[in-house]
Amino acid sequence: MRLIPFLFLFASAVMAGPIPPELATALADFRTEGPKGWTFTQTTAAEGKSLVEVYDPAKPDFQRWTLIRKDGHEPTADEIREYREKQTRRTGGETAPNVKDQINRETCELVSDDGTRATWRFRLHPGSAEDRSAEHMAASFTLHRPTGTIERVELASFEPFSPMFSVSIDEARTVLTYSLPDGDTPSLLQAVHMKVRGKAMWFKSLDSDLSVVYSNYTYAGRR
């Protein structure tokens with residue numbers, strides 16, 4: 001899944017410095033999309049439209065996604081056919097960009113700490129030579145100390161920016177939340193909420209809100 005910038009949260013912060021060991025340990029095995037080998041239901045809602053899909057990693061490539069509902073109804077034969085055709089251009093579902101790879105670890109700031117949960121914020125390195133967004137964004141990670149789990153990730157723009165000619169972004173924010181591990185069940189991605197406010201060609205609105213919820217996790221691999 002692709003990530004977009006998100007609204008910066010201002011809070012008291014200590015001086016920036018190297019990443020603390022407890023956070024470094026949690027980030028070492030952190031994957032944006034969560035651990036591999038799990039079947040799940042993905043419900044996406046945006047601009048009055050919705051999709052309910054099931055992902056099964058045990059199936060062959062291009063057959064791993066199944067459409068269950070579209071815009072609140074069971075999909076028609078034409079909708080299923082169109083959906084299947086699109087699967088040949090869709091990734092396998094386990095190749096989402098990992099935001100931890102773009103953080104500048106020397107800019108680490110402690111934003112909040114109540115003893116159980118602590119949140120650190122980082123500036124970002126560009127993901128590529130064409131990346132004109134990273135310098136205007138920051139990433140925040142919330143660590144659940146008792147389990148050593150990254151429980152929340154937030155990506156936010158802290159100033160307006162232009163990622164390309166004639167496109168201006170006034171505000172952008174993405175929040176990802178994760179469950180806490182429970183017995184044999186690891187921390188799993190629960191939801192992604194995205195918000196963008198901006199314009200293209202100085203008049204066309206780019207405003208959008210998107211929500212993706214993950215449910216019905218079942219382990220499909222080998223333990």
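What covers the buried residues of α2? I found that the cover includes β2 (49-55) and β3 (65-70). Before going on, I noted that this is a predicted model, where local features need pLDDT of at least 70, side-chain atom pairs count only at pLDDT 80 or more, and totals for chains, interfaces and linings use all residues. Residues are numbered from 1 along each chain as its sequence is written, and side-chain values use heavy atoms, with hydrogens and water left out.

Helix α2. I listed Glu79, Tyr83 and Gln87 as the buried residues of this helix, residues 77-87 (buried is under 20% relative accessible area, exposed over 50%, with a 1.4 Å probe and protein chains only). They sit on the same side of α2, because their arc around the axis is only 85° (taken from the directions from the helix axis to the C-beta atoms). On the face turned away from that side I found the exposed residues Ala77 and Arg84.

Thr39. I placed Thr39 in strand β1, residues 38-46. Thr39 counts as buried because its relative accessibility is 16%. Its side chain makes a polar contact with the side chain of Asp56, at 3.4 Å (a polar contact is a pair of N or O atoms within 3.5 Å, one able to donate a hydrogen and the other to accept it within protein; residues adjacent in sequence count only if both atoms are side-chain atoms). Leaving out residues up to four places away in sequence, I saw that Thr39 touches several others, including Val54, Pro57 and Tyr217 (contact means heavy atoms within 4.5 Å).

Definitions and conventions. Helices (H or I, at least four residues) and strands (E, at least two) are DSSP runs, numbered from the N terminus.
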